[in-house]
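Please keep the model open and find each place as you reach it.

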Amino acid sequence: MLAAASQSALAQPALAQPASAPKSASESAPLQAAWVYMSVVPPAGWTRQHDQARLQAERALGGRVQTSAVPDVPENAADAERVLRDLARQGKRVIFTTSFGYMQPVMKVAAEFPGVKFECLTCLQTAPNVAVANARFYEGRYLAGIAAGRMSESGQIGYVAGFPIPEVLQGINAFAQGLRSVAPKARVKVVWLNEWFNPPRERDAAMTLINQGADVLAFHTGSTAVMAAAQERGKLAVAYHSDMRMAAPDAQLLAVTHQWGDYETRRLQAALDGTWQSQRLWGGVKDGMVSVGHFGPRVPEAVQKQVLARQADMAAGRLHPFAGPLRDNTGREVLPAGQTLTDQQIMEMNWLAEGVQGTLPH
């Protein structure tokens with residue numbers, strides 16, 4: 001679905017119209033599209049990946065689209081609804097929102113502007129003019145866990161997490177599964193921040209985990225602060241969202257990267273073609289939406305080859321991050337041997353896997 005050929009096809013110029021049938025001014029005007037970001041656009045990270053996707057769509061579709069972005073929009077009803085209404089009134093015909101926290105504002109504003117198409121990324125609810133898409137981030141987490149297990153000397157891994165929602169729990173648990181597939185006694189200690197983007201707090205959490213013995217860090221937040229902390233302290237860290245070697249040239253273990261450009265280009269093309277429909281998409285490694293790579297200089301070739309081989313297994317359907325037997329960190333059996341969690345079970349995840357220390361915050 002996300003084959004490179006699809007983007008190539010999208011990049012082809014439109015066929016010229018006969019001189020006898022020129023387009024009207026309204027027909028030739030570019031499609032107006034906007035993106036709403038939950039943070040500023042940092043040098044690397046969640047919002048950077050979405051901004052890169054926006055620019056990719058611009059390049060692919062040329063003058064047929066015109067894009068803009070509104071950064072640092074708080075995830076509350078008053079601010080998000082105000083921004084979304086303003087964009088709709090400006091004539092934006094497709095609006096991408098890039099955080100789960102925008103879901104309810106999108107649903108409310110979409111009902112007020114049925115002619116505007118909303119792409120609510122990482123959301124759950126749809127409407128006739130609201131589509132949702134998400135990536136199986138947990139697949140990349142499992143692969144990163146393998147690398148962490150191979151490289152950690154202490155067996156103590158630190159994890160800086162945003163909110164205890166299913167998406168974050170999926171990542172922590174898949175990471176623990178990958179970690180313990182190569183280091184059965186390794187442990188993951190989580191610090192919860194209850195926010196997505198706060199570099200000073202992300203850094204403080206990383207330093208605390210290092211002080212408590214962690215020699216490899218992972219995180220589910222929006223900046224490069226954890227990477228920079230690992231660089232400063234001589235530890236290793238898993239980059240998330242994008243390659244972060246600019247912030248941690250020696251500390252980066254690998255990067256779990258997210259690629260939104262092909263999806264967003266296809267959705268804009270559908271809007272141009274008049275074929276856009278509400279849908280749900282959950283893409284992963286096999287679709288090219290999630291991948292691992294960008295290994296740091298301290299990672300031996302043997303470890304790199306092992307991780308990439310397991311990534312190939314995952315793409316081919318030979319490896320599932322949540323294959324039984326699975327237990328939570330209280331010893332309760334979650335899944336017996338020979339079974340794998342269903343998509344619905346993964347989407348509703350509300351437990352911590354064996355090997356993860358602590359409890360879920362309320």
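1. His 241 is buried, because its relative accessible area is 3% and buried means under 20%, exposed over 50% and partly exposed in between, computed with a 1.4 Å probe on protein chains only. His 241 belongs to strand β9, residues 236-241, where strands (E, at least two residues) and helices (H or I, at least four) are DSSP runs numbered from the N terminus. Although His 241 is not a glycine, its phi is positive, at about 85°. Most residues other than glycine have a negative phi, and most peptide bonds are trans.

2. Before going further, please note that this is a predicted model, in which local features need pLDDT of at least 70 and side-chain atom pairs count only at pLDDT 80 or more, while totals for chains, interfaces and linings use all residues. Residues are numbered from 1 along each chain as its sequence is written, and side-chain values use heavy atoms, with hydrogens and water left out.

3. His 294 is another residue, not a glycine, with a positive phi, here near 55°. His 294 sits in the loop between β12 (290-293) and α11, and with a relative accessible area of 36% it is partly exposed. In the loop between α11 and β13 (326-327) lies Pro 325, which is joined to Gly 324 by a cis peptide bond with omega of about 5°.

4. How do helices α6 and α11 cross, and at roughly what angle? The axes of α6 (residues 137-151) and α11 (residues 301-315) come within 10 Å and cross at roughly 155°; axes are lines fitted to C-alpha atoms, for helices over the stretch in contact, and angles run from 0 to 180 degrees between N-to-C directions. The two helices are therefore roughly antiparallel, since angles over 145 degrees count as roughly antiparallel, under 35 as roughly parallel, 65 to 115 as roughly perpendicular and the rest as oblique. The contact (heavy atoms within 4.5 Å) involves residues including Tyr 142, Leu 143 and Ile 146 of α6 and Val 303, Val 307 and Met 314 of α11.

5. Asp 313 also lies in helix α11, and with a relative accessible area of 16% it is buried. Leaving aside residues up to four places away in sequence, Asp 313 touches Arg 318 and Leu 319.

6. The axes of helices α8 (residues 199-211) and α9 (residues 225-233) come within 8 Å and cross at roughly 40°, and these two helices are therefore oblique to each other. Among the residues that make this contact are Ala 206, Met 207 and Ile 210 of α8, together with Val 226, Ala 229 and Ala 230 of α9. Ala 228, which lies in α9, is partly exposed at 31% relative accessibility. Ala 228 and Ala 251 are 23 residues apart in sequence and 8.2 Å apart in space, C-alpha to C-alpha.

7. A search of the whole structure finds one disulfide, a term used for a pair of cysteine sulfur atoms within 2.5 Å. Cys 120 and Cys 123 form this link, with their sulfur atoms 2.1 Å apart, and both cysteines are buried. The angle about the S-S bond is -50°, and the link is left-handed.

8. In helix α5 (residues 103-112), the buried residues are Met 103, Pro 105, Val 106, Met 107, Val 109 and Ala 110. Their cover includes α4 (77-90), β3 (94-97), β4 (117-121) and β5 (130-135).
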